Amino acid sequence: KGISLFIVPRRLVDADGRLRIRHELIASAAAEALSDRERQAAHHQLARSTSDPGERARHHAAAGERRSARRWATDAAAAASTIGERVAHLELAAACADGEASARLRVEAARALVDALEPARALELLLPLHDGPRPDVALVEAQALRLRYEIEAARSGLGRGQAALAAEAAPAPDLVVRMAIEEARLAVAALGEPTDTLALGQRAV
């Protein structure tokens with residue numbers, strides 16, 4: 001039988017009676033033991049116990065409380081410190097909305113992805129909105145496609161430059177560094193992978 005939220009080992013409950021499972025393995029075991037209804041109740045309780053709007057939105061969504069999840073996710077997006085965080089919150093808000101409200105949030109998230117130099121993700125996010133003509137979708141798609149073309153053209157040009165550099169017997173050191181720097185910049189736009197970008201940046205140094 002699932003673990004009741006109100007009958008759990010004392011080490012899992014604070015003095016105020018709130019459920020606070022701090023050890024990852026215990027949390028995983030407890031979550032697996034809960035029924036779907038108990039798991040939703042746990043997420044509802046966790047949503048009420050946190051002041052972080054993003055975490056609150058996530059727990060409300062897991063509890064099936066879509067309206068609350070959308071409201072808190074929208075607040076979290078407005079307060080986000082990075083584009084990546086803002087996009088994640090907007091995507092959650094869109095998933096918890098319906099109709100026109102969901103479409104507007106998707107477009108806003110796609111626009112943020114274009115700003116973050118991630119055209120592929122932006123285009124993927126807009127795919128469900130192709131049922132009818134929407135000027136806002138068409139505009140963001142055009143921006144994403146232009147950005148994708150620019151990234152592909154830059155990658156092609158960089159490849160030609162690297163091949164020419166490799167063919168030189170004694171390439172100029174400053175040119176080698178500048179080429180590596182440009183490769184790192186392109187990785188940010190084309191890959192969006194911080195680990196790869198960091199490795200390329202270290203190589204440039």
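Residues are numbered from 1 along each chain as its sequence is written, and side-chain values use heavy atoms, with hydrogens and water left out.

The mean pLDDT (the predictor's confidence in each residue, from 0 to 100) of the protein is 78, and 75% of its residues reach 70 or more. Among the helices (DSSP runs of H or I, at least four residues, numbered from the N terminus), helix 4, residues 66–79, has a mean of 93, the highest confidence in the protein, while helix 10, residues 194–204, has the lowest, 49. Over residues 1–17 pLDDT stays under 50. Where pLDDT is low, the predicted coordinates should not be read in detail.

The structure holds 10 salt bridges, each a side-chain nitrogen of Lys or Arg within 4 Å of a carboxyl oxygen of Asp or Glu. One of them joins Arg66 to Asp98, with the closest N and O atoms 3.2 Å apart. Arg66 lies in helix 4 and Asp98 in the loop between helix 5 (83–95) and helix 6 (99–115), so this pair ties together parts that are 32 residues apart in sequence.

Arg86 and Glu108 form another salt bridge, their closest N and O atoms being 2.9 Å apart. This pair links helix 5 with helix 6 across 22 residues.

How values were computed: This is a predicted model: local features need pLDDT of at least 70, side-chain atom pairs count only at pLDDT 80 or more; totals for chains, interfaces and linings use all residues. Helices (H or I, at least four residues) and strands (E, at least two) are DSSP runs, numbered from the N terminus. Contact means heavy atoms within 4.5 Å.
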